[in-house]
Amino acid sequence: MDEHQQGRQDRERAAGNSRLIEDRQAGRNTAARPQAHRPSRNSGNGRRTAHRHRRYKRGKALYIALGIRAAFALIVLLLAVGAIRGITGMFRHHGQQQAEESTEEASSAEESAAPEETQNPNIVTSNGRQLDLTKPMVAVTFDDGPYASVGNQIMDTLAQCGGKATFFVVGNRAEKYTDELKRMASEGHEIGNHSYDHDEKLSKKDAKTIAWEFNSCDEEINKVAGVTPAVYRLPGGINSDTVRKTLTKPLISWSVDTEDWKTRNAQATVNAVVGHVRDGDIILMHELYQSTADACKTILPELVNEGYQLVTVSELIQYRSSGPLEQGVQYTDFHPKSGDAQAASSGTPTVDVDQETAGLAASAEESGSAAAPSGSSAAGSSAASSGGEDNTEN
Ligand code: NI
């Protein structure tokens, strides 16, 4: 190879390189605009350029194909890993669920087995709280309402000390205090029936009138509060043969008379209760007086502090009565039988003061005349107390 040849080759190589560079640029341009830069077949170096270009394109296509395959493989791999993870996760989750379920089953099996084996059968859930049937309980009752300004205070106090009470309401007042009655029902208090008109001479009336008084009150309470009373309290606590034959629901009297209607004094009302209560008592108060609402702020927490559970009348009957109550009998209390605190009491009936024997004094409103202390033989003597309850307050 002489100098000329070498020089020509060098020039040609240099020219070739520059063409290659041009072609590379052309390749890029071709990629960007395929129609704009097709190498001309008629040009001198067109065939070589096209060949190089094809080679270049083939190389580039190869890289792209490889890249696509690699990306595809990566995607497949990722999907596979994800699927495996998902499946194993599913299995693991299923396994956990099964484990949890079997634990739940085991614990629920324990629970269902508990009443027989471990759980204390003397603990019951009633009206949203637990009661211990071995511990003392009393039923606090409020007559002659509803009367929102006093009743709501009493319910506030009951809520603070976790107690439930019974409100023996008068049917013809219900429409005026619908919100209060609804609150009684929603907070687990009992609404008892104290007749529609609170006619203190009701027991003297005929059976039809007596039945109408209590049925109408039942309907009125149901209409307003959505509950139907399960227990009745006679106006003035005055019974009669006609009443006994006519009314079929339990008749509830009382064993602790606060005489709050007479004293209208909070301290006197407190004194009538605190220190004078025993297990199974039914306490009588009235919903009409601010002094009663004030007294309750002391009485109710104090009873709870002394270990009494504040229950409704129906709860007292349910957990302390040994059998169905007798029709026409007024029950004053549900004291436990002596020497057997676990056994339910059958309830203590009053010796009723009939209209006939009470005579003129029968107008005494709930003066305690009809309520014989538990075990006492008669209570008619106190029926002579005069006065009567002021039931005009609204
Ligand atoms: Ni009354």
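Helices here are DSSP runs of H or I with at least four residues, and strands are E runs of at least two, both numbered from the N terminus. Counted that way, the protein has 11 helices and 11 strands.

1. **Ground rules.** This is a predicted model, in which local features need pLDDT of at least 70, side-chain atom pairs count only at pLDDT 80 or more, and totals for chains, interfaces and linings use all residues. Residues are numbered from 1 along each chain as its sequence is written, and side-chain values use heavy atoms, with hydrogens and water left out.

2. **The overall picture.** The protein has 394 residues, and 41% of them count as buried (buried is under 20% relative accessible area, exposed is over 50%, and partly exposed is in between, with a 1.4 Å probe and protein chains only). Contacts are heavy atoms within 4.5 Å. Among contacts with a separation of 6 or more, 73% join residues 24 or more positions apart. The exposed surface comes to about 21,200 Å², with carbon and sulfur atoms supplying 52% of it (Shrake-Rupley areas with a 1.4 Å probe; for residues, only the protein chains shown count as cover).

3. Which residues of α4 are buried? In this helix, residues 178–186, they are E180, L181, R183 and M184. They sit on the same side of α4 because they cover an arc of only 155 degrees around the axis (the arc is taken from the directions from the helix axis to the C-beta atoms). The face turned away from that buried side carries the exposed residues D179 and S186. As a reminder, an α-helix has 3.6 residues a turn, so residues three or four places apart point the same way.

4. **What lies over α4.** The cover on its buried residues includes α3 (148–161), β4 (166–169), β5 (190–193) and α5 (207–225). Just after the helix, G188 takes a positive phi of about 85 degrees, which may be worth a glance in your viewer.

5. R183 lies in α4 and D156 in α3, so the pair ties together parts that are 27 residues apart in sequence. R183 is buried, with a relative accessible area of 18%, whereas D156 is partly exposed at 37%. Both belong to a network of salt bridges that links D156, R183 and E187.

6. **Two other salt bridges.** K297 pairs with D294, their closest N and O atoms being 3.5 Å apart. These two residues lie in helix α9 (residues 290–305), three residues apart, about one turn of the helix. K297 is partly exposed at 41% relative accessible area, and D294 is partly exposed at 32%. The side chains of E259 and K262 also meet in a salt bridge, at 3.4 Å from N to O. E259 is partly exposed at 25%, as is K262 at 41%.

7. **The nonpolar cores.** A nonpolar core is a set of buried Ala, Val, Leu, Ile, Met, Phe, Trp, Tyr and Cys residues joined through side-chain atoms within 4.5 Å. The largest one has 38 residues, and those with the most contacts inside it are F167, I283 and L303. Two or more residues each come from β3 (137–145), α3, β4, α4, α5, α8 (266–273), β8 (282–286) and α9. Helix α9 gives the most to this core, with six residues. Another core lies apart from it and has 19 residues, among them L131, I282, V311 and Y319.

8. **A closer look at F167.** Leaving aside neighbours within four places in sequence, the contacts of F167 include F142, I154, M155, L158 and M184. H189, E190, I191, G192 and E287 are also in contact with F167.

9. **Cysteines.** How many disulfides are there? The count is zero, with a disulfide taken as a pair of cysteine sulfur atoms within 2.5 Å. The sulfur of C161 has its closest cysteine sulfur in C296, 9.1 Å away, too far for a bond. C161 is buried at 17% relative accessible area, and C296 is buried at 0%.

Definitions and conventions:
Salt bridge = Lys/Arg side-chain N within 4 Å of Asp/Glu carboxyl O.
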